[in-house]
Amino acid sequence: MNYRKLGKTGLQVSEVGFGGIPLQRVSPAEAMQVVREALRLGINFFDSARGYTDSEEKLGRALQGFPRREVILATKSGEAGKEEMKRDIEISLRNFRTDYLDLYQLHNMRGEERVAQIFAPGGAWEGLQEARKEGKVRFVGITGHLPALLLELLKKESFDTVQFPFNTIEQEALPELLPYARQHDIGTIIMKPLAGGALCHPAAALKYLLRHDLSTVIPGMRSIAEVRENVAASGVALSEPEEKALQKEKDDLGARFCRRCDYCQPCPQGLDIPSLMTLQRYSERYGLHEWALERYRLQPAKASDCIECGECEEKCPYDLPIRDLLRACRDHFEG
Ligand code: SF4
Ligand code: SF4
């Protein structure tokens with residue numbers, strides 16, 4: 001396993017890190033085996049979130065007994081208020097069975113009002129900074145799917161890391177966000193390196209990413225086989241046949257893959273189009289059907305509320321057939 005510097009934190013992180021989303025789908029015993037295999041193969045960076053149900057807890061249990069200073073624990077909260085953020089940090093500490101977290105991130109920067117609240121007096125950002133002063137959190141970061149917004153925030157506030165999607169299909173962070181983070185020594189954590197499971201050549205997809213100057217890629221893992229496959233990408237060059245396979249996959253998927261850029265919003269019917277599509281992908285690709293269905297049911301507007309006005313398709317920079325995709329989403333969750 002190769003290790004890289006996580007920006008100004010100075011931490012040396014495994015270039016293949018551990019994404020904690022899929023742990024929700026396995027038993028605590030399976031989680032233990034998966035995490036132990038990751039440790040054995042040199043993974044030292046583990047990322048989770050308060051929003052991933054019992055993922056933090058399972059990681060905490062699996063890491064128990066392993067020297068604390070040899071692992072780098074990262075997690076995040078989507079809370080916008082100061083007290084709520086502080087409460088979430090306490091829960092994360094309990095779940096991870098530790099008295100400090102290496103990295104705590106503001107989760108999923110999205111929505112003007114919510115972002116304003118996070119950085120206003122009494123907001124989550126204040127809570128996070130307090131936790132840092134108290135030694136509960138060593139470093140702070142942001143995560144999200146909107147490169148332009150992340151860039152704007154990096155220019156305004158002092159973050160140690162930024163986490164964003166980057167893969168063969170989602171390249172929106174390449175022109176500006178990644179170079180800016182590099183220039184300012186901000187650690188770059190790549191989420192969705194396999195496009196949320198949409199890419200079928202994981203080793204090649206990871207090798208492709210690792211050619212770039214980034215800190216770590218964090219594919220989600222829920223089996224020992226996945227851990228081994230992902231780790232095997234470290235330190236190995238992408239071959240020509242692999243590059244061709246990736247290109248073909250990109251051509252096939254690119255035309256119907258939602259990059260969660262939000263340009264299609266708002267929808268007059270109140271549909272949160274990127275979230276609906278993401279939930280469907282999680283259900284189909286990560287095997288998180290119940291998890292996704294529960295969240296789908298909580299959506300204020302469902303795919304079936306689409307009146308097919310077509311406004312969103314005019315705004316989508318990727319020319320996605322959103323109405324068709326929403327029909328498929330409706331059939332998947334409501335059919
Ligand atoms: S086509 Fe459907 S999803 Fe798109 S803007 Fe119209 S109602 Fe909303
Ligand atoms: S449907 Fe298109 S515009 Fe809407 S979030 Fe996805 S990629 Fe962006």
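This is a predicted model: local features need pLDDT of at least 70, side-chain atom pairs count only at pLDDT 80 or more; totals for chains, interfaces and linings use all residues.

User: What makes the pair of tryptophan 125 and phenylalanine 159 tilted?

Analyst: The ring centres of tryptophan 125 and phenylalanine 159 are 4.8 Å apart, and a pair requires centres within 6.5 Å. The planes stand at 45 degrees, whereas stacked would need under 30 degrees and edge-to-face over 60, so the pair is called tilted.

User: Why is this pair said to tie together parts of the chain?

Analyst: Tryptophan 125 belongs to helix H5 (residues 124–133), while phenylalanine 159 sits in the loop between helix H6 (147–156) and strand E8 (161–165), so the pair joins parts that are 34 residues apart in sequence. Ring pairs also link Phe119, Trp125 and Phe159 into a cluster.

User: How many aromatic pairs are found in the whole structure?

Analyst: The search finds seven aromatic pairs. One of them is formed by phenylalanine 18 and phenylalanine 46, with 5.3 Å from centre to centre and 35 degrees between the planes, which is again a tilted arrangement. Phenylalanine 18 lies in strand E3 (residues 18–19) and phenylalanine 46 in strand E4 (residues 45–47), so this pair ties together parts that are 28 residues apart in sequence.

User: Why do phenylalanine 18 and phenylalanine 46 count as buried?

Analyst: The word applies under 20% relative accessible area. Phenylalanine 18 has a relative accessible area of 0%, so phenylalanine 18 is buried, and phenylalanine 46, at 0% relative accessibility, counts as buried too.

User: How do you know that the charged end of arginine 68 sits over the ring of tyrosine 100?

Analyst: The charged end of arginine 68 is 3.9 Å from the centre of the tyrosine 100 ring, and the distance limit for such an arrangement is within 6 Å, with a further condition of within 35 degrees of the ring normal. Arginine 259 likewise lies over the face of tyrosine 318, at 4.2 Å from the ring centre.

User: Where is valine 227, and what makes it buried?

Analyst: Valine 227 is placed in helix H9 (residues 224–231). With a relative accessibility of 0%, valine 227 counts as buried, since the limit is under 20%. Leaving aside neighbours within four places in sequence, valine 227 is in contact with Val34, Glu37, Ala38, Leu41 and Met221.

User: How do you know whether the size of the chain agrees with that of a compact globule?

Analyst: For 335 residues, a compact globule would have a radius of gyration near 20 Å, and the chain has 19 Å, which agrees. Along its principal axes, the C-alpha trace spans about 55 × 50 × 40 Å. Buried residues make up 56% of the 335 residues, and among contacts between residues at least 6 apart in sequence, 75% join residues at least 24 apart.

User: Which domains is the chain divided into, and how many residues does each bring to the contact?

Analyst: The chain is divided into domain 1 (3–243) and domain 2 (273–334), and their centres, taken over C-alpha atoms, are separated by 25 Å. The contact takes 15 residues from domain 1 and 11 residues from domain 2.

Methods
Residues are numbered from 1 along each chain as its sequence is written. Chains are lettered from A and ligands numbered from 1 in the order in which they are written. Side-chain values use heavy atoms; hydrogens and water are left out. Rings of Phe, Tyr and Trp (its six-membered ring) pair if their centres lie within 6.5 Å; planes under 30 degrees apart count as stacked, over 60 as edge-to-face and the rest as tilted. Helices (H or I, at least four residues) and strands (E, at least two) are DSSP runs, numbered from the N terminus. Buried means under 20% relative accessible area, exposed over 50%, partly exposed in between (1.4 Å probe, protein chains only). The radius of gyration is taken over C-alpha atoms; the globule rule is 2.2 Å times the number of residues to the power 0.38. Contact means heavy atoms within 4.5 Å. Domain bounds come from an automatic or database domain assignment.
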